[in-house]
Amino acid sequence: MRVLVTGGAGFIGSQVVEALVARGHEAVVYDALLPSAHTAPAPAAPDGARLIVADVRDRDALAAALDGVDAVSHQAAMVGLGQDFTDAPDYVACNDLGTSVLLAAMASAGVRRLVLAGSMVVYGEGRYECPRHGVVRPGPRSVTDLDAGRFEPVCPSCGAELHPGLVGEDAPTDPRNVYAATKLAQEHLSAAWARDTGGAAVSLRYHNVYGPGMPRDTPYAGVASFFRSALARGEAPQVFEDGRQRRDFVHVRDVAAANVLALEALDDRAQGTFAAYNAGSGEPRTVGEMAAVLAAACGGPVPVITGAYRLGDVRHITADSSRLRGELGWKPGVRFADGMREFAAAGQRGA
Ligand SMILES: NC(=O)c1ccc[n+]([C@@H]2O[C@H](COP(=O)([O-])OP(=O)(O)OC[C@H]3O[C@@H](n4cnc5c(N)ncnc54)[C@H](O)[C@@H]3O)[C@@H](O)[C@H]2O)c1
Ligand SMILES: [Zn+2]
């Protein structure tokens, strides 16, 4: 299969390319090499892959790149929380206008298979149970609560403490920041494209992906990047809130493997359909625990719990990835402790 990998020079995309080539597929890397993502020169495309430096909003470049392509792996996006709201137009342009231009080019070229890099951010807060009210959906946390160090969301009906659980794909979506809103719109556009063209689209909702090649700390990076960069400078990781917020850290090679499985299974899907799958390790960790394990693996100073917070962050978000395991036979293979040790030893991109 010839697969066009948008964002194929990025952290996750480059691993998708490697995994495709290792499975005997042909990969074409399509990447604009955004300065926000590539603070140092981007690595060349892996052996066996062609690199096209172009933007997904460029219709002509896409039309040429899609020639002879069987499927698209759409990884290109602006990621992270950004600097402030003034970034919003760039996120929307890159992620949503970009996705619509890509889908239109696929429609014209007759390419009917798509795997989208989705994200768990579409859910907002994860799944919570109140002892009295069952599953509830807490709203965004207030500045007053956060300033007072009350980080745990409470039951919207009775104010009781809640128990966080694993979020499934059928949970309602509730994007809480600009990036999250653009990731959800990408899914809606992909579903509309599938219905309209008879194509098949799958979104893999990645949880917190980590591993070698992760970009270094910029406003667009993830939490593991911040900690790894601090440790590289000999500084203690600064952990927001009380460090007990829960996440699912999934290794980049496992995410790449999920992409290959999803691409290979697209032919078996009903035409005109869109489906979403959580891609998480299934083993929730706290951010404080991740910081401590990474600091120990780096031989660095112990993390500092700061009590600071970012308004766009949710408290707990951890995945139920049994659908991906059951339907596509995916099984994450990298254990947390091993993955963190490897991440400690490996460099970051642009560091
Ligand atoms: N890293 C995570 O934890 C995580 C979690 C959930 C979802 N995702 C999604 O995974 C995908 C890949 O993220 P990543 O972490 O590898 O980020 P990354 O920044 O390392 O890679 C993204 C790549 O896309 C390219 N790109 C961005 N906009 C483009 C455009 N308009 N045209 C062409 N190329 C463009 C960038 O140059 C970069 O190489 C994104 O869609 C992101 O939303 C990532
Ligand atoms: Zn309640």
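These legends go with a set of close-up views of a predicted model.

**View 1**
Strands of a sheet pair through backbone hydrogen bonds, either parallel or antiparallel. Zoom in on strand 4 (71-74) and strand 5 (113-119), and you'll find three bridges joining this parallel pair. H74 is the residue that stands opposite L116 in strand 5.

**View 1**

**View 3**
Strand 6 (residues 127-130) pairs with strand 8 (residues 163-165) over three bridges, and R127 stands opposite G165 in strand 8. Strand 6 also pairs with strand 7 (residues 134-136), again over three bridges, and here C130 stands opposite G134. To get from strand 6 to strand 7, the chain makes a hairpin through three residues.

**View 2. Ligand 1 sits in a shell of 31 residues.**
Which of these come nearest to the ligand? They are G7, G10, A32, A37 and A77. By class, the shell has 17 nonpolar, ten polar and four charged residues. Helix 1 (11-22), helix 3 (88-109), strand 5 and strand 10 (208-210) each put in at least two residues. Helix 1 gives the most, with three.

**View 3. Helix 6 packs against helix 8.**
Two packed helices are described by the angle between their axes and the distance between the axes. For helix 6 (residues 223-232) and helix 8 (residues 287-298), the angle is about 35° and the axes are 10 Å apart. The crossing is right-handed. On the helix 6 side, V223, A224, F227, R228 and L231 make the contact. Their partners in helix 8 are V287, M290, A291, L294, A295 and C298. Sorted by class, the residues of this contact come out as ten nonpolar, no polar and one charged.

**View 4. Helix 6 is mostly covered.**
Eight of the ten residues in helix 6 are buried: V223, A224, S225, F227, R228, S229, A230 and L231. What does the covering? Strand 10, strand 11 (238-239), strand 13 (249-251), helix 8 and helix 10 (336-345) are among the elements over the buried residues. After the helix comes G234, whose phi is positive, near 80°.

**View 5. L33 and E241 have positive phi values without being glycines.**
Most residues other than glycine have a negative phi, and most peptide bonds are trans. L33 has a positive phi of about 50°, and its place is in the loop between strand 2 (26-31) and strand 3. E241 has a phi near 55° and lies in the loop between strand 11 and strand 12 (246-247). Buried or partly exposed: how does L33 count? L33 is partly exposed, because 14 other C-beta atoms lie within 10 Å. E241 counts as buried, because it has 22 C-beta neighbours inside 10 Å, and 20 or more is the mark for buried.

**View 6. D84 is in the loop between strand 4 and helix 3.**
D84 counts as exposed, because it has 9 C-beta neighbours inside 10 Å. The cut-off for exposed is 12 or fewer. Look for V178 too: it is 94 residues from D84 along the chain, and the C-alpha atoms of the two are separated by 9.6 Å.

Terms used: Residues numbered from 1 in each chain as written. Chains lettered and ligands numbered in written order. Predicted model: local features only at pLDDT ≥ 70, side-chain atom pairs only at ≥ 80, totals over all residues. Near = placed C-beta within 6 Å. Helix = DSSP H or I, 4+ residues; strand = E, 2+ residues; numbered from the N terminus. Nonpolar A, V, L, I, M, F, W, Y, C, P; charged D, E, K, R; others polar. Axes fitted to C-alpha atoms, helices over the stretch in contact; angles between N-to-C directions. Left-handed = near helix turned anticlockwise from the far one by under 90°. Contact = placed C-beta atoms within 7 Å. Pairing = 2+ DSSP bridges.
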